[in-house]
Amino acid sequence: MAAELKLSELISPTPKQLAFIEAAKSHEYTLYGGAAGGGKSHILRWWLVLFLLQCHREGHSNVRVGLFCEDYPTLNDRHLARIRYDFPEELGSYREASDRREFTLRSHLGGGVIAFRNLDNYRKYKSAEFAALAVDELTMNDRDLFDWLDTRKRWPGIEKPKFVAATNPGGPGHFWVKKLWIDRDFSGEDESLDPEQFAFVPAFVQDNPHLSQSYWRTLEAKPEAIRRALASETLFRVPEDQ
């Protein structure tokens with residue numbers, strides 16, 4: 001596969017991004033979380049490509065996966081505007097119509113589809129099925145979203161559908177995300193979940209060698225509270241005054 005031979009060059013993964021890829025191979029629920037600028041969105045969309053190519057190698061064609069953000073403007077900023085130059089033409093093609101935004105791999109690569117969707121009303125996906133789900137900025141969402149989308153994680157012939165996510169600390173969903181992936185607290189209603197299937201890969205701004213010096217100068221110029229949050233020096237730690 002010509003496109004596959006170029007993937008390592010196209011993705012150019014950092015060691016921490018490789019750790020995320022490896023964790024997702026053996027876990028059902030994998031979170032890549034922490035610093036802004038850690039390359040989380042980049043590896044999230046490329047992980048879906050790798051997943052679809054693996055499905056093709058295992059004999060599955062036209063598999064659908066989903067990448068979700070809280071709204072389409074955010075989805076465009078984080079992903080759609082980037083795939084136009086991140087994803088080469090030989091890998092597949094992007095199509096946009098009304099509320100459907102999708103990237104389809106070439107037929108000789110399995111014809112898999114990445115469906116880019118928003119979360120303004122996640123219950124509208126009650127009839128959808130995906131072999132893998134990826135949510136960018138998971139802590140921007142409440143727990144009900146996770147429970148609901150998890151029921152959409154199924155595909156004929158795929159024995160182990162995946163849920164992966166990326167996020168910064170904070171946001172309305174901070175505490176439930178921290179409970180499962182950081183504190184590993186599976187008490188109460190979470191007793192039915194398998195702790196062995198949850199993996200957390202921490203992201204720090206220092207992990208990304210592709211950041212420019214101007215980004216570092218901008219970060220260093222910010223007030224300490226903002227600087228510490230973006231650099232994840234207080235990675236998912238509850239503030240002392242709460």
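**Figure 1. Residue L75 in helix 5.** L75 is found in helix 5, which spans residues 72-86; helices (H or I, at least four residues) and strands (E, at least two) are DSSP runs, numbered from the N terminus. This is a predicted model, in which local features need pLDDT of at least 70 and side-chain atom pairs count only at pLDDT 80 or more, while totals for chains, interfaces and linings use all residues. Residues are numbered from 1 along each chain as its sequence is written, and side-chain values use heavy atoms, with hydrogens and water left out. L75 counts as buried because its relative accessibility is 0%; buried means under 20% relative accessible area, exposed over 50%, and partly exposed in between, with a 1.4 Å probe and protein chains only. Beyond its neighbours within four places in sequence, L75 is in contact with L67, C69, L80, F116 and R117, where contact means heavy atoms within 4.5 Å.

**Figure 2. Residues R101 and E102 in strand 4.** Strand 4 covers residues 100-105 and contains E102; R101 is found in strand 4 as well. E102 counts as buried because its relative accessibility is 14%. For R101, the relative accessibility is 14%, so R101 counts as buried. The side chains of E102 and R117 are joined by a polar contact of 2.7 Å. A polar contact is a pair of N or O atoms within 3.5 Å; within protein, one must be able to donate a hydrogen and the other to accept it, and residues adjacent in sequence count only if both atoms are side-chain atoms. Not counting residues up to four places away in sequence, E102 touches R64, S93, Y94, R95, V113, I114, A115, F116 and R117. With its neighbours within four places set aside, R101 is in contact with Y72, L80, Y94, R95, E96, I114, A115, F116 and R117.

**Figure 3. Packing of helix 3 against helix 4.** Two packed helices are described by the angle between their axes and the distance between the axes. Helix 3 (residues 15-26) and helix 4 (residues 40-57) pack at an angle of about 40 degrees, and their axes are 11 Å apart. Axes are lines fitted to C-alpha atoms, for helices over the stretch in contact, and angles run from 0 to 180 degrees between N-to-C directions. Helix 3 and helix 4 are therefore oblique to each other; angles under 35 degrees count as roughly parallel, over 145 as roughly antiparallel, 65 to 115 as roughly perpendicular and the rest as oblique. The crossing of helix 3 and helix 4 is right-handed; a crossing is left-handed if the near helix is turned anticlockwise from the far one by less than a right angle, and right-handed if clockwise. Helix 3 contributes Q17, F20, I21 and A24 to the contact, and helix 4 contributes H42, I43, L44, W47 and L50. The residues of this contact comprise 7 nonpolar, 2 polar and no charged. Ala, Val, Leu, Ile, Met, Phe, Trp, Tyr, Cys and Pro count as nonpolar, Asp, Glu, Lys and Arg as charged, and the others, Gly among them, as polar.

**Figure 4. Packing of helix 4 against helix 5.** The angle between helix 4 and helix 5 is about 65 degrees, with their axes 11 Å apart. Helix 4 and helix 5 are therefore roughly perpendicular to each other. Their crossing is right-handed. On helix 4 the contact is made by S41, H42, R45 and W46, and on helix 5 by R78, H79, R82, I83 and D86. By class, the residues of the contact of helix 4 with helix 5 divide into 2 nonpolar, 3 polar and 4 charged.

Figure 5. N62 lies in the loop between helix 4 and strand 2 (64-69). Although N62 is not a glycine, its phi is positive, at about 55 degrees. N62 is exposed because its relative accessible area is 52%. R184 is placed in the loop between helix 7 (174-182) and strand 8 (198-203). R184, a residue other than glycine, has a positive phi near 55 degrees. At 36% relative accessibility, R184 counts as partly exposed. P156 is found in the loop between helix 6 (143-150) and strand 7 (162-167), and at 59% relative accessibility P156 counts as exposed. The C-alpha atoms of P156 and H60 are separated by 9.1 Å, although these residues are 96 residues apart along the chain.
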